[in-house]
Amino acid sequence: MVFPVVPLPASVTEFPGTLALTSASRILAGDASDATASVLREAIAARTGLILEVVIDAASAGDIELVITGAEGEAYDLVVDDRVRISGSAAGVFHGVQTLRQLLSGDGEDWSLPHVSIADAPRFAYRGLMLDVARTFFGVDTIKAFIDRAASMKINHVHLHLTDDQGWRLEILSRPLLTERASATAASGRDGGFYTQDDFREIVDYAASRHIVIVPEIDLPGHTHAIGLAYPEIVEAPVMNEALLAQAAELDQALPVAGEPYTGWGVGHSSVKIHDEATWEFLRDVLGEVAALTPGPLLHIGGDEAHGTEQADFDAFIARVTTLVTDLGKTPVGWHEAGSAPVAPGTIGQYWSSLSPDERVAGITRAFAERGGSVVMSPSDAAYLDQKYDADFPLGLDWAALIDLETAYGWEPTTIVDGLPEAAVLGVEGPLWAETLETPDDIDQLLFPRAAAIAEIGWSQKESRDWESFRARVRAVASVWDAAGWGGHRPAEIDWSN
Ligand code: TNX
């Protein structure tokens, strides 16, 4: 029998027998407003049709008891015998509920859980998924749906790429022209959109109720063409590089024109004016509001692909902007290019180069650790969710690699960068860039099942990782995804017939 849980728990002991889940089963919560109890109640209702009562009472046979202890971290224990007991920190109990959802099986009428004892905890503190809402705008409901999918895999960070050349997606009260003038369009001529500050708070609260931290990204100093639609005085004229010209010709896309919306996919042509104090007033306003809106500790400042910027200017910019973020009380995060600069101590790097970096990239990545920070691993040839599964896949790009499920599963975050101490690897993230995405279903196609590979690399113990086991468990868990109405790709690497 396949143990139908992804990511695989740290310790599992199975016992003979099952527990029947019936309409007489109750969910016992420590507190009537417990968000985790209602998440569980809704999940069971959607899957089975059983509407369980949430009560504060002593457990009896058949009940599901959620016990929040004083423990810290994300560990939980889950025992199924004549009842279910999930205990741990609030986050731990939430993760245990996700395990329970996957353990539940039935024929549409009768539902049961295997007798089991699980003691589980994550390998890495940071397990993330990123959605690019700049190239394609997705509304609040789609972000909530994305959070639900992430939470089901014990992901604990959702990174929103809120700004790029093609659009600005977050209302900034002190800089109203950003959303008035720079939000209406997106890549490839699609419509844009933006989140009001209330929308953003709603997203943050929804994520928090699923024990997910929102990591907002304001991409700087490049990827800033859209800012110029609103505040032209603080951006440089577009810089044409050869790669940009070649790509625009190949894809038949227009080149960037100052003051006009950019709808192509090229990168590296834009920058804010690094030495102009008006830029820094703007950044204090924008980053100040983003920091105030974000209860989570992290604020991502981008730093990628500033191809038109001199190295010394780039480094000076990154040093100053990471210090600004630190002064706002947040921990800065930057794409690994930012490691060339004397970043504020503690800055986190997000690595997006390949599984075999050259020495320069390795060196700037180690620099985050040398300055007291850590690194989140998103190798583009393994963890990038926007790359195609295979050459014929209709969605996605292929500049980094074709990434099938086995490739998405088969990498180890601690051995990519030579000399980076294992303890400096904070975790993993799967970025989903949106140049080719149009609909929420497109998100699912690229996310499922590869996000499950990233989730397992981030959560499960290294020694327990095994491709044959993983693909059998993905097959089993896909029935939970189906029942939730989540779409996705069904790669031929898995036998879906049984
Ligand atoms: C590179 S990787 C980018 C993004 C694109 C992506 C497409 C990185 C940090 N930046 O601007 O959307 O490639 O795959």
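Okay, so helices here are DSSP runs of H or I with at least four residues, strands are runs of E with at least two, and both are numbered from the N terminus. By that count, the chain has 14 helices and 18 strands. Its radius of gyration is 23 Å, close to the 23 Å from the globule rule for 498 residues, so the chain is as compact as a globular protein of that length. That radius is taken over C-alpha atoms, and the rule is 2.2 Å times the number of residues to the power 0.38.

Quick housekeeping. This is a predicted model, where local features need pLDDT of at least 70 and side-chain atom pairs count only at pLDDT 80 or more, while totals for chains, interfaces and linings use all residues. Residues are numbered from 1 along each chain as its sequence is written, and side-chain values use heavy atoms, with hydrogens and water left out.

Now the overall picture. The C-alpha trace spans about 70 × 45 × 45 Å along its principal axes. Of the 498 residues, 60% are buried, meaning under 20% relative accessible area, with exposed being over 50% and partly exposed in between (1.4 Å probe, protein chains only). If you take contacts with a separation of 6 or more, 75% of them come from residues 24 or more positions apart; a contact is heavy atoms within 4.5 Å. On charge, there are 33 positive and 75 negative side chains, and the centres of the two sets lie 3 Å apart. Lys and Arg are the positives, Asp and Glu the negatives, with His and the chain ends not counted; each charge is placed at NZ of Lys, CZ of Arg, CG of Asp or CD of Glu.

Let's zoom in on Y262. Where does Y262 lie? You'll find Y262 in the loop between α7 (242-251) and α8 (277-293). Leaving out residues up to four places away in sequence, Y262 touches D165, Q166, A186, H225, L244, A254, L255, P256 and H269.

Next up, helix α12, residues 440-447. Six of its eight residues are buried, so α12 is largely enclosed by the rest of the structure. Which residues of α12 are buried? They are D442, I443, D444, Q445, L446 and L447. What do they pack against? Their partners are β9 (126-132), α3 (140-152), β18 (425-432) and α13 (450-459).

Last, some backbone details to look at on screen. Most residues other than glycine have a negative phi, and most peptide bonds are trans. With that in mind, there is a cis peptide bond between V6 and P7, omega about 0 degrees, and P7 is in the segment before β1 (11-21). Another cis bond joins L220 and P221, with omega about -10 degrees; P221 is in the loop between β13 (213-220) and α6 (227-230). H223 also lies in the loop between β13 and α6, and its phi is positive, near 60 degrees. H223 is buried, with a relative accessible area of 2%. H211 has a phi near 60 degrees too, again a positive value, and sits in the loop between α5 (197-209) and β13. Buried or partly exposed, then, for H211? Partly exposed, with a relative accessible area of 24%.
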